[in-house]
Amino acid sequence: MTPILDAADNQPLVPDLAAEVAGLVADIDEIVAYYQAQGQDPSDNWDFEAALNALGAALYANNVDEIGLPDGRIFGIRSHRTIGYAIAQAALENGAQLCLSYRGERERERAEEAGSELGGALVLPCDVTKDEEIEALFQTLQKEWGGVDFVVHSVAFAPGEDMQAGMVGTSREGFKLMNDISAYSLAAVSRYAAPLMPKGGSILTLTYVASQRIVPSYGPMGVAKAALECVVRYLASELGPQGIRVNALSPGPISTPAARGIPQFTSLLRGVEACSPMHRNVELREVGNAAAFMLSDWASAITAEILHVDCGMHVS
Ligand SMILES: NC(=O)c1ccc[n+]([C@@H]2O[C@H](COP(=O)([O-])OP(=O)(O)OC[C@H]3O[C@@H](n4cnc5c(N)ncnc54)[C@H](O)[C@@H]3O)[C@@H](O)[C@H]2O)c1
């Protein structure tokens, strides 16, 4: 692992913390080696998650700011195995103070658990189909923090029956709903977030390569992702003069609760193993790390970008 530095002055951590961090990193290495020896993915196991959280909490408690991520909020963290959660973990490890949001009472308990796992993050409700809930959320952040530095929009939805029916069979109502939640909501969220970013900021969403290429099982959601990418470009142009960058990550397929609802999802995973330049699938943690970079000042001249984090599958 790379040495952990304090980005403020690029000096190694104070000795006590350095020893604590080295111990926590050694724990993680041991857990990874154990699961790899059994042919398992370490990130499927709770002790790996717990060890990462302990490291994140130690860095957070000591105000370590590896690549400089101050205060931000993340939409879409309903379980450990989501991209939003992985991004939140990476942001926390890089010194961010977090607010997580959830949709509806059914997701509240899990979101609150995630909040305590993720350094005591603020947890607030927000259904992105409701302007009043988006507005209320940013009003709370204005009161609590005085502003935000980044926003992650890790939100998508499509009715299962429309995904099964494909583009030709998709209902008008289903099409409206999936575009409202998966594409339009980025504009709605940005509208309320931008006034809280007077010194600039970073807005990041999640897309998928089916926006540009035909992925048969993805059908109408490919259209919603194409719309989302276009929303990214127009927002980048409109908010650029305020110093607000707007980008998307385009990860390869990852087995999350939502992805498992995509028809023939496992054949997408197998296709990446067979055909991508790296002959493997991307891991959640790698998407989290790419997001931390895009949210940080290290990406200060990057906007209107769709960054593929897919082991190169987009060129195959
Ligand atoms: N998993 C993949 O293979 C993959 C690949 C590329 C891109 N993506 C994208 O990454 C993002 C996160 O996906 P994930 O696979 O981690 O899924 P996920 O399990 O996080 O599901 C999507 C999230 O959207 C939230 N959501 C849905 N409707 C909402 C609403 N009305 N208001 C507020 N939140 C709402 C849900 O609460 C959930 O947290 C999505 O945009 C997805 O399209 C996923």
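Mentor: A nonpolar core is a set of buried Ala, Val, Leu, Ile, Met, Phe, Trp, Tyr and Cys residues joined through C-beta atoms within 7 Å. Buried means 20 or more other C-beta atoms within 10 Å of a residue's own, with C-beta atoms placed from the backbone. The model is predicted: local features need pLDDT of at least 70, side-chain atom pairs count only at pLDDT 80 or more, and totals for chains, interfaces and linings use all residues. Residues are numbered from 1 along each chain as its sequence is written.

Trainee: How many residues does the largest nonpolar core have?

Mentor: The protein chain has 316 residues, of which 42% are buried. In the largest nonpolar core, the residues with the most contacts inside it are Ile87, Ala91, Leu98, Val287 and Ala291. The number of residues in this core is 76.

Trainee: At what angle do helices H3 and H10 pack?

Mentor: The chain has 10 helices and nine strands, taken as DSSP runs (helices H or I, at least four residues; strands E, at least two) and numbered from the N terminus. H3 covers residues 83-93 and H10 residues 284-295, with their axes 8 Å apart. Axes are lines fitted to C-alpha atoms over the helix stretch in contact, and angles run from 0 to 180 degrees between N-to-C directions. The angle between H3 and H10 is about 55°.

Trainee: Which residues does Ala291 touch, leaving out those up to four places away in sequence?

Mentor: Ala291 of H10 takes part in the contact with H3, as do Ile87 and Ala90 on the H3 side. Contact requires C-beta atoms, placed from the backbone, within 7 Å. The residues that Ala291 touches are Ile87, Ala90, Val152, Leu204 and Leu249.

Trainee: Is Ser182 buried or exposed?

Mentor: Ser182 lies in helix H7. Around Ser182 there are 26 other C-beta atoms within 10 Å, which means that Ser182 is buried.

Trainee: What distance separates the C-alpha atoms of Ser182 and Ala224?

Mentor: Beyond its neighbours within four places in sequence, Ser182 is in contact with Ala156, Phe157, Met221, Ala224 and Leu228. Ser182 and Ala224 are 42 residues apart along the chain. Their C-alpha atoms are separated by 6.3 Å.

Trainee: Which residues of H7 meet H5?

Mentor: H5 (residues 131-145) and H7 (residues 172-193) pack at an angle of about 35°, with axes 9 Å apart. From H5, the contact uses Asp131, Ile134, Glu135 and Phe138. The H7 residues that meet them are Ala188, Val189, Tyr192 and Ala193.

Note on methods:
Contact = placed C-beta atoms within 7 Å. Buried ≥ 20, exposed ≤ 12 C-beta atoms within 10 Å, placed from the backbone.
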